[in-house]
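Q: Can you help me read a structure, one feature at a time? Please start with strands, then turn to helices.

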Amino acid sequence: ESKSVVAQKKVRTVCTYCGVGCNLEVAVKNGKIKSIQAPYDAEVNQGHTCLKGRFAFSFYNHPDRIRTPLIRKNGNLEPASWEEAYDYIAQKLTAIKQHYGPDAIAGISSARCSNEENYLMQKFIRAVIGTNNIDCCARVCHSPTALGMQNAFGTGAATNSIDDIKYTDCILVIGANPTDAHPVTGAKMKQFAMKGKTTIVVDPRRTELARYATYHLQLKPGTNVALLNMMLYYIIQENVMDKDFIAGRTEGFEEFKNQILGLDIDQLESVTGVDKDLVRQAALAYAKAPNAMSFHGLGVTEHTQGTFTVMQIADLALITGNIGRKGVGVNPLRGQNNVQGAADMGCQPHQGAGYLNAYDPEINKQYEEFYKTKIPFSKGLKIPEMFDASIEGNLKALWLMGEDVVQTDPNTNKVIAAMESLDLLVVQELFLTETAKYAHVVLPGASFLEKSGTFTNGERRIQRVKKVVEPLEGTKSDGQIIVDIMNRMGYAQPDYDAETLLEEISQIVPFFRGVKWQELGDNGKQWPVAADGSDTKILHAEAFNRGKGKFHYFDFQESQELVKHGKEYPYIITTNRELEHYNAGTMTRRTKNVELLTEDALMIHPADAERHFIQDGDMVCVESPRGKVDLKAKITDEIKPGILSSTFHFPEVMLNQITSDEHDSEAMCPEYKVVAVNIRKSKGK
Ligand code: SF4
């Protein structure tokens with residue numbers, strides 16, 4: 001009796017799935033996880049979780065977990081010891097570096113991993129390999145947000161907290177379906193809308209939130225820039241701007257105003273497919289609300305004009321003075337648990353830890369002094385450029401820490417060609433993912449339940465992730481794996497320890513200056529954290545990081561995918577997510593959630609289904625210029641005729657075989673949301 005009491009414990013940690021960053025209380029008995037509850041005193045989730053966070057933890061000890069390093073021999077991945085794997089990698093990397101130079105090697109980091117692990121990953125690539133070829137999955141999700149908000153405000157992160165929904169009078173949700181993708185935040189928005197408060201949803205799909213919204217602007221995919229220009233037009237034309245804010249805190253307004261007033265609204269109405277009077281009403285509701293918040297998701301960023309759209313959302317906040325106080329602001333809904341942190345820690349080519357310019361020789365000197373070694377300041381590759389460089393023969397080695405690029409990046413066949421062209425592909429993973437199957441070496445990492453560190457959620461909140469159980473036998477924390485290889489390649493790096501690494505990070509990342517493991521408490525701190533430990537709930541209260549907020553005007557441009565292929569492939573498919581699964585489904589498909597949702601489906605409008613003699617449940621062949629997939633039809637009027645939608649949770653379909661690698665003109669985020677396709681009824685596979 002007393003023995004079993006001693007063996008029980010509860011550990012407070014943070015969910016590994018989405019960027020809401022819910023706190024979880026994990027009950028453990030005799031080394032086994034029994035249940036997950038949500039603490040009521042958690043500022044982020046106040047006793048709530050979704051069915052991913054509460055139930056989807058059993059993946060951590062699933063029989064599919066990789067339990068030993070694997071090395072490819074005679075075409076097959078065969079078990080090896082850690083020593084053998086490290087020797088093999090170190091020899092190969094050293095030879096490639098000597099023969100082709102450090103820029104023939106690249107790394108992609110993971111939003112699943114802790115800040116400390118991401119920090120180590122970029123340190124390994126920059127200080128040990130000697131290249132800026134480091135990137136992370138922010139490239140394929142919110143890189144346009146970071147760039148766009150940096151251009152407008154000087155800081156590329158959410159301006160406010162989710163809790164501010166309590167204090168706002170209007171929410172504008174653009175290109176996001178928080179009910180499924182950020183469920184705890186989505187529930188707060190739904191409650192807000194159900195109280196009859198002004199809710200504006202801009203989305204090609206009639207999502208659940210859109211059904212409760214005051215205004216649903218159901219635009220054609222890829223026309224955000226046109227629609228936001230219409231909103232800006234009505235705000236200026238009806239003179240409902242915040243003139244004091246514009247005069248005191250912004251720059252570039254006069255020119256911006258003239259450009260907006262020169263727009264042809266009827267033409268934009270036809271481009272977007274949204275009634276102009278509805279847009280006018282929504283724009284005035286946003287502008288006249290005493291406090292209005294905007295939220296945006298991947299329906300904004302994953303477009304060729306993604307960065308421009310983010311800057312237009314900033315324009316809306318600036319023109320109406322909705323910035324710098326409670327209940328307002330521009331709030332990207334970050335997809336992955338620690339994608340904010342991966343970018344904060346420097347896992348992108350152009351900015352090192354703390355967003356310092358990696359190409360600036362002066363800053364380079366600071367990094368060199370700090371890391372006590374030569375640090376490169378030559379231009380590094382972004383993820384799509386890495387794939388191109390591999391296919392062209394210029395990139396020889398790629399290190400992937402927990403990123404399944406084959407299933408999640410667009411144009412699967414091209415990604416596979418890139419993987420197959422490498423001399424060395426190292427993959428750190430929990431499971432043998434679609435990407436790991438192409439690796440030369442697979443290293444078994446550990447899940448969030450088996451290690452400590454910090455995650456930074458979508459509202460800049462740095463929270464402690466605490467080890468709940470020991471790593472499964474044969475596996476190691478991803479941070480320790482990086483440390484081991486750094487040492488093996490001659491750089492003395494102490495063993496992975498979150499507290500010590502946080503101390504190091506606080507010395508190089510300006511907005512982590514006062515972050516200390518022991519002082520983060522149960523609810524974490526929102527960066528910037530000053531040296532005295534005080535944190536920041538609201539950004540830009542007195543001034544912007546760049547001085548004044550800057551207006552930017554953009555003309556709508558048709559998606560290149562439609563310009564090139566729209567005639568031959570007349571349907572548009574856009575991607576979405578379902579509540580039960582997380583992204584590639586690598587974790588949630590290995591839990592009971594797979595019984596709730598067993599496959600990807602194709603949303604198709606009844607009129608389109610009828611035209612092609614498709615019944616609900618029939619298999620449909622969806623073909624794009626890049627490939628074809630078979631999906632089960634789900635007939636619904638949630639989408640308009642001519643528009644289709646599907647998830648990409650299951651490798652059996654591999655939806656990204658058809659998606660396009662056209663990308664955002666500024667940040668190179670792929671345009672997953674506009675894919676030109678044709679459809680026909682098929683017999684299926
Ligand atoms: Fe919270 Fe997101 Fe985890 Fe669900 S998936 S419990 S909303 S952090």
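**Strands and helices**

A: V202 has L217 in β10 as its bridge partner. This is a predicted model, where local features need pLDDT of at least 70, side-chain atom pairs count only at pLDDT 80 or more, and totals for chains, interfaces and linings use all residues. Residues are numbered from 1 along each chain as its sequence is written.

Q: Which strands pair with β9?
A: Two strands pair if DSSP finds at least two bridges between them. Strands are DSSP runs of E, at least two residues, and helices are runs of H or I, at least four; both are numbered from the N terminus. Strand β8 (residues 170–174) pairs with β9 in the parallel sense, over five bridges. There, V173 stands opposite V201. Strand β10 (residues 215–217) also pairs with β9 in the parallel sense, over three bridges.

Q: Is β9 buried or exposed?
A: A residue is buried if 20 or more other C-beta atoms, placed from the backbone, lie within 10 Å of its own. In β9 (residues 198–202), five of five residues are buried. T198, I200 and V202 point one way, T199 and V201 the other.

Q: At what angle do α3 and α21 pack?
A: Axes are lines fitted to C-alpha atoms over the stretch in contact, and angles run from 0 to 180 degrees between N-to-C directions. Helix α3 (residues 82–100) and helix α21 (residues 478–488) pack at about 55°, with axes 10 Å apart.

How values were computed. Buried ≥ 20, exposed ≤ 12 C-beta atoms within 10 Å, placed from the backbone.
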